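Please keep the sequence and the structure in view while reading.

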Amino acid sequence: MLSRLSHTLVPAFGRLTVTSDAGAVIAPGSIVAANHTSLADPAIVLAALRRLGVQPVVMAAAGLWRLPLLGGALAREGHIPVFRRDRRAAQALDLAAEALGRGASVLIYAEGGIPARTDAAEAAPGAFRSGLARLAERTGAPVVPVGQAGARRVASGGTAKWLAGLATAPVRRPRLHVHLGAPLTLTGDAAARTAQAYGAVTDAWRTAAARIGEPAARIGEPAARIGEPVAPPGRRSAGAVSAG
């Protein structure tokens, strides 16, 4: 349902384009890692992936399972709730490993939150949590880096601004772009694996941001420290895909 709905709705809110590096394929049993900037970007990424014939299992904030209708659909379709700062948090990686083992692709947002700032500009991904590296080490699954840009033009900031952005997006039709990088196998210790994943997702984001003309794509200085074990200050938890 999530992939179908995203595929149907996203074109009404913006102009989505998708590119990929040479050799960028999402084989069965792949971990798909994307940057997280807005409550809107999971739908944008899912719409892009569906164009490529991929409908992944999504790791999402557990609070979504409490929402009427949506929660039931998430449970029926086998998506994975992530309980932050809870003894059940480790269960998300167990379920993700099981999904990868049966050949499903798993979509994960390693930042674990979205920026608290209110502007609609792009910035490099925030620091990654350790869940992505741990999942890749445990399963040996390849990691496909995905960069998305433009989601903050659909929705960003506080509730009032977010609703206003969503209401006006069908008129403004902002440019949205998703770029797939080539799959990689993470190596080394946890810090090294996290740094490799962060670098690959940042490169994919930079390509996507350049496609929509975002000045941030030309800035070489990273927006966050690589491999930081917790989300940096100024980021808030999102009702979207995450893993810690």
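In helix 1, residues Leu2, Ser3, Arg4, Ser6, His7 and Val10 meet Ala43, Ile44, Leu46, Ala47 and Arg50 of helix 2; contact means heavy atoms within 4.5 Å. Helices (H or I, at least four residues) and strands (E, at least two) are DSSP runs, numbered from the N terminus. By class, this contact has six nonpolar, three polar and two charged residues. Here Ala, Val, Leu, Ile, Met, Phe, Trp, Tyr, Cys and Pro count as nonpolar, Asp, Glu, Lys and Arg as charged, and the others, Gly among them, as polar. The axes of helix 1 (residues 2–13) and helix 2 (residues 41–51) come within 8 Å and cross at roughly 100°, which makes helix 1 roughly perpendicular to helix 2 (65 to 115 degrees). Axes are lines fitted to C-alpha atoms, for helices over the stretch in contact, and angles run from 0 to 180 degrees between N-to-C directions.

The model is predicted: local features need pLDDT of at least 70, side-chain atom pairs count only at pLDDT 80 or more, and totals for chains, interfaces and linings use all residues. Residues are numbered from 1 along each chain as its sequence is written, and side-chain values use heavy atoms, with hydrogens and water left out.

Seven strands form an open sheet in the order 1-8-7-2-5-3-4, with mixed pairing; two strands pair if DSSP finds at least two bridges between them. Strand 1 (15–20) and strand 4 (80–82) are the edge strands, each pairing on one side only. Strand 7 (residues 143–149) and strand 8 (residues 175–180) are antiparallel partners over four bridges, and Ala149 stands opposite His177 in strand 8. Helix 5 (residues 131–139) packs on the sheet and touches strand 2 (31–34), strand 5 (106–108) and strand 7.

Arg211 lies in helix 8 (residues 190–211). Not counting residues up to four places away in sequence, Arg211 touches Thr19, Arg175 and His177. Arg211 and Ala149 are 62 residues apart in sequence and 8.5 Å apart in space, C-alpha to C-alpha.

The largest nonpolar core has 36 residues. Such a core is a set of buried (under 20% relative accessible area) Ala, Val, Leu, Ile, Met, Phe, Trp, Tyr and Cys residues joined through side-chain atoms within 4.5 Å. Helix 8 gives the most to this core, with seven residues. Ile31 is among the residues with the most contacts inside the core.

Definitions and conventions
Parallel < 35°, antiparallel > 145°, perpendicular 65-115°, else oblique. Buried < 20%, exposed > 50% of the residue type's maximum accessible area, 1.4 Å probe, protein only.
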